[in-house]
Amino acid sequence: MSLPDEFHDLAQRVNNWGRWGADDEIGTLNLITDAVVREAAATVRSGLRIPLALPLRQDGVQSGLIPGRINPLHTMVQINQELFGPGTVATSDDTAVLSLQTATHWDALTHASHSGRIYNGRPAATITAHGGAEFSGIDTLPPVVSRGVLLDVARAHGVDRLPGGHAVTPEDLEAAEELAGVRVRAGDVVLVRTGQIQVHLAGDRNAYGYPSPGLSIRTPEWFRARDVAAVANDTLTFEIFPPEIEDLWLGVHALDLVEMGMPQGQNWNLEALSTACAEEARHAFLLSAMPEPFVGATGTPVAPVALL
């Protein structure tokens, strides 16, 4: 089944291949310049630090909806072991097995491909079983520290959580901008709150994943026009699921990651941030969200922090 003409038209309009050179591997993160970071640092006023990551736990968000993804399996390999003889200092060590997209995470640009290509026109075949991603693996990304902007779409609609069939549109993003009194600008990392994470926090893993509100196929063009550096939200699938266009599965992934070269994040807990931003009447802040540098990986856990 081929991708529809509507998808290819959108792909042509948002495409960034070659924009930063034929050898570029980091896409829109090029937009986070030193000047952008200095301006982001100036947004810190109260010093309030808000963590945005879910705990890495065995009963996490993965329910089997996405094949191959497992919640972390944590095992102790040493418990109070006196390595250097009786009476010496004892240590405890752990090991874990987990999917790199298991909980709060970044998708690398290689997480999606279409028509045999990944970002910047490289062959999708450069991702191999033993080597992982030869280009644009998560380890190639620079530090993700920039101005974060919370677009609280749920609050803009006057609800705690958007319904499962809600596709977040450019109009929704602009309504959230107006509510926030802030304009998204080049180099920003945009956090889109739908409220869907509340379903997981209430203990229903299946309903958290499906049906889910999420970004519309129309949003990549908006992010491209604003020169957004990266986008994350509080859902399992990032985009609306099931899709708004029949049989166009993960179309937003393909436009963001493959065509634009824009990293995207899922399963970010934006609830405390939403409350803090509403109380302080400001929705822009310093965001630190450094990817773990797994060589050749197509995604990584991340523990983001918003500093207000």
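This is a dialogue about reading a predicted model, feature by feature.

Biologist: Which residues is Val 190 in contact with, leaving aside neighbours within four places in sequence?

Modeller: Val 190 is in contact with Val 149, Leu 151, Val 184, Phe 223, Val 228, Ala 230, Val 231 and Ala 232.

Biologist: How do I read a helix such as helix 4: which of its residues are buried?

Modeller: An α-helix has 3.6 residues a turn, so residues three or four places apart point the same way. In helix 4, the buried residues are Pro 170, Asp 172, Leu 173, Ala 176, Glu 177 and Ala 180. Viewed down the axis of helix 4, they fall within an arc of 160 degrees, so they line one face of the helix. These buried residues pack against strand 7, helix 3, strand 8 (167–168), strand 9 and helix 7. Just after helix 4 comes Gly 181, with a positive phi of about 70 degrees.

Biologist: Which residues of helix 7 are buried?

Modeller: Thr 219, Pro 220, Trp 222, Phe 223 and Arg 226 are buried in helix 7. Down the axis of helix 7, its buried residues fall within an arc of 160 degrees, so they too line one face. Asp 227 follows helix 7 and has a positive phi, near 55 degrees.

Biologist: What about backbone angles: which residues have a positive phi although they are not glycine?

Modeller: Most residues other than glycine have a negative phi, and most peptide bonds are trans. Leu 250, which is not a glycine, has a positive phi of about 60 degrees. Leu 250 sits in the loop between strand 11 (230–233) and helix 8, and is partly exposed, with a relative accessible area of 46%. Ala 281, also not a glycine, has a positive phi of about 55 degrees. Ala 281 is in the loop between helix 9 (271–280) and strand 13 (284–288), and is exposed at 61% relative accessible area.

Biologist: And where are cis peptide bonds found?

Modeller: One joins Tyr 210 and Pro 211, with omega about -10 degrees. Pro 211 is in the loop between helix 6 (205–209) and strand 10 (214–215). The bond from Phe 241 to Pro 242 is also cis, with omega near 0 degrees. Pro 242 lies in the loop between strand 11 and helix 8.

Biologist: Is His 283 buried or exposed?

Modeller: The cut-off for buried is under 20% relative accessible area. His 283 has 6% relative accessibility, so it counts as buried. Its place is in the loop between helix 9 and strand 13. Not counting residues up to four places away in sequence, His 283 touches Gly 148, Val 149, Leu 150, Ala 180, Val 182, Cys 277 and Ala 278.

Biologist: Which residues make the nonpolar surface patch?

Modeller: Ile 70, Leu 73 and Val 97 make a nonpolar surface patch of about 240 Å². Val 97 belongs to strand 3 (residues 91–97).

How values were computed:
Residues are numbered from 1 along each chain as its sequence is written. This is a predicted model: local features need pLDDT of at least 70, side-chain atom pairs count only at pLDDT 80 or more; totals for chains, interfaces and linings use all residues. Side-chain values use heavy atoms; hydrogens and water are left out. Patches are made of residues with over 30% relative accessible area and no salt bridge: like charges are joined within 9 Å, nonpolar side chains (Val, Leu, Ile, Met, Phe, Trp, Tyr) within 5 Å. Accessible areas come from the Shrake-Rupley method with a 1.4 Å probe; for residues, only the protein chains shown count as cover. A salt bridge is a side-chain nitrogen of Lys or Arg within 4 Å of a carboxyl oxygen of Asp or Glu. Helices (H or I, at least four residues) and strands (E, at least two) are DSSP runs, numbered from the N terminus. Contact means heavy atoms within 4.5 Å. Buried means under 20% relative accessible area, exposed over 50%, partly exposed in between (1.4 Å probe, protein chains only). The arc is that of the directions from the helix axis to the C-beta atoms.
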